[in-house]
Amino acid sequence: MTEPVFRFAPSPNGDLHLGHALSAILNHDAAVREGGRFLVRIEDIDGERSRPEFVDRILEDLAWLGLAHEEPVRRQSEHLADYTAALEKLEDLGLLYPSFASRAEIARAVAEAEAASGTPAPRDPDGATLYPGIDRLLGPAEVDARLRAGEPHAMRIRMDAAALMAGSLDWEEAGDLAPAGRVPADPLAWGDVVLARKDAPASYHVAVVVDDALQGVTDVIRGADLFHATSIHRLLQQLLGLPAPRYRHHRLVLGPDGRKLSKSKGSSSLRGLRQAGATPADVRRRLGLGPPPPGAMARPQRNRYS
């Protein structure tokens, strides 16, 4: 039987808040209960937003919560070649194309299409307008010339071709927010998503499926805001020949305004709670969670993956 492997994968662009604590605790406690492994991964592939000082602060917060994890911690910035290899495989399949359009140009194209049709532009599951595909119309000669000129661009996936190649997809959902069982994936709902850009050599979607596969992650417990993105992840796993973990999407922790907590707003940061005198038990109670499973602190941690 495969050993269960769980992970918590924060980005070092701010302090952890209660929403992160919920996800980290759920993963840690599930690993303890199932006799599995608990990994921490630092998702610092976005060099513009990631800050080294927050890595130490994240690890301090996890230690304060009593969430022991394996060492060393994998940092995405140290494994860029893994993501490049995945993107090259997708490119070899003929599924990627360069997109030179700026945000302003895309917004203008969407507005013009809406005005011409008299109907709102289609939107993805997160509510953003779908990319209108304007760079798909560029001829090979123009694309080559613009690339040779060093023009900034993103790499997008031809979602219609990718979905056709991957075939029918679904994933195993544990049942927190949807009935337990198989959930059909709908990657077409996302349109031609960006998989790489100048300031990030791979998107979250690419990095997360590659990391989960390389680290042997069997169970992904994460927030409900990523439920629909699982369709993209299943698509990439199928195209890249990667295993599909089991998924469990948990409730989000909301602020007084009813919105998801945000690092940028310092929403209920664990550091702030700790400085105000809160204890790890207080955090668990505030999240509606019980005490740690028996033996949690005594679990040996193995040095297996970086």
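What share of the contacts in the protein with a separation of 6 or more comes from residues 24 or more positions apart? Here it is 81%, where a contact means heavy atoms within 4.5 Å.

Hi everyone, some ground rules. This is a predicted model, in which local features need pLDDT of at least 70 and side-chain atom pairs count only at pLDDT 80 or more, while totals for chains, interfaces and linings use all residues. Residues are numbered from 1 along each chain as its sequence is written, and side-chain values use heavy atoms, with hydrogens and water left out.

Now, confidence. The average pLDDT is 91, and 93% of the residues score at least 70; pLDDT is the predictor's confidence in each residue, from 0 to 100. Residues 298-306 fall below 50, and that stretch has 28 contacts in the model beyond near neighbours in sequence. Where pLDDT is low, the predicted coordinates should not be read in detail.

Next, overall shape. The C-alpha trace spans about 65 × 45 × 40 Å along its principal axes. Of the 306 residues, 48% count as buried, meaning under 20% relative accessible area with a 1.4 Å probe, protein chains only.

On to the fold. The protein has 10 helices and 10 strands; these are DSSP runs numbered from the N terminus, with helices (H or I) of at least four residues and strands (E) of at least two. Two strands pair if DSSP finds at least two bridges between them.

Strand E2 (residues 37-42) is joined to E3 by two bridges, and Ile42 stands opposite Arg75 in E3.

Another open sheet of three strands is antiparallel, ordered E4-E5-E8. E4 (96-99) and E8 (194-196) each have a single partner strand, so one side of each lacks a neighbour in the sheet. E4 pairs with E5 (residues 154-157) over four bridges, and Pro98 stands opposite Met155 in E5.

Terms used: Buried < 20%, exposed > 50% of the residue type's maximum accessible area, 1.4 Å probe, protein only.
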